[in-house]
Amino acid sequence: MVPGAEAEILAELRRLRARVPQLTGALAGSADGLVLAQDSAATEAEAVAALTAAALGVAQRLSDSTGQGGFRELLVRGEHGYVATYAAGDAAVLTLIAEPRVNVGRLHLEARRSSLRIAELIDHTLGRRGPTAPTA
């Protein structure tokens, strides 16, 4: 948990869901699988955060081993929609659940902006300086 940042992160998640109405859930979590904030009706946020951390580990290894550099984002398309995960600095991730009719380009654009904002909020709360998240 990032004390002092939870309310601001939650506000960012709500703004993101307002900008992308096809989102059915948004969760900010630590890279090790803890929920930082969520805006979703889903009651299993802890399970989603833990699964995101596991997927993040695999995605990071895949990106590194193929020479693509550090992890930035992961998109999974299922029969009933999308699950997308974006790096939010070094310590956090943003995971979104979207309807199948979402505009994926818009999803990426807005999520990249929000992940950068979440990274800034966490860094500010922890007293870090300088950008830690990739720019879109």
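**Close-up views of a predicted model**

View 1. With a relative accessible area of 6%, glutamate 12 counts as buried (buried means under 20% relative accessible area, exposed over 50%, partly exposed in between, with a 1.4 Å probe and protein chains only). This is a predicted model, in which local features need pLDDT of at least 70 and side-chain atom pairs count only at pLDDT 80 or more, while totals for chains, interfaces and linings use all residues. Residues are numbered from 1 along each chain as its sequence is written, and side-chain values use heavy atoms, leaving out hydrogens and water. Glutamate 12 meets arginine 15 in a salt bridge of 2.7 Å, N to O (a side-chain nitrogen of Lys or Arg within 4 Å of a carboxyl oxygen of Asp or Glu). Both residues sit in helix H1, 3 residues apart, about one turn of the helix; helices (H or I, at least four residues) and strands (E, at least two) are DSSP runs, numbered from the N terminus. Arginine 19 also bridges to glutamate 12, with the closest N and O atoms 3.6 Å apart. Arginine 15 is partly exposed at 39%, and arginine 19 is partly exposed at 28%.

View 2. Glu12, Arg15 and Arg19 join Arg106, Glu110 and Arg113 in a network of salt bridges. The structure holds 11 salt bridges. Aspartate 39 counts as buried, at 15% relative accessibility.

**View 3. The largest nonpolar core.** Look here for Ile9, Leu13, Leu94, Leu96 and Ile118, which touch the most other members among the 25 residues of this core (a set of buried Ala, Val, Leu, Ile, Met, Phe, Trp, Tyr and Cys residues joined through side-chain atoms within 4.5 Å). Helices H1 (6–19) and H3 (104–126) and strands E1 (23–30), E2 (35–40), E4 (81–88) and E5 (92–98) each supply at least two residues. H3 gives the largest share, 5 residues. A second, separate core of 5 residues includes Leu56, Ala59, Phe71 and Ala87.

**View 4. Around leucine 96.** Leaving aside neighbours within four places in sequence, the contacts of leucine 96 include Leu16, Leu23, Tyr82, Val83, Leu107 and Ala111 (heavy atoms within 4.5 Å).
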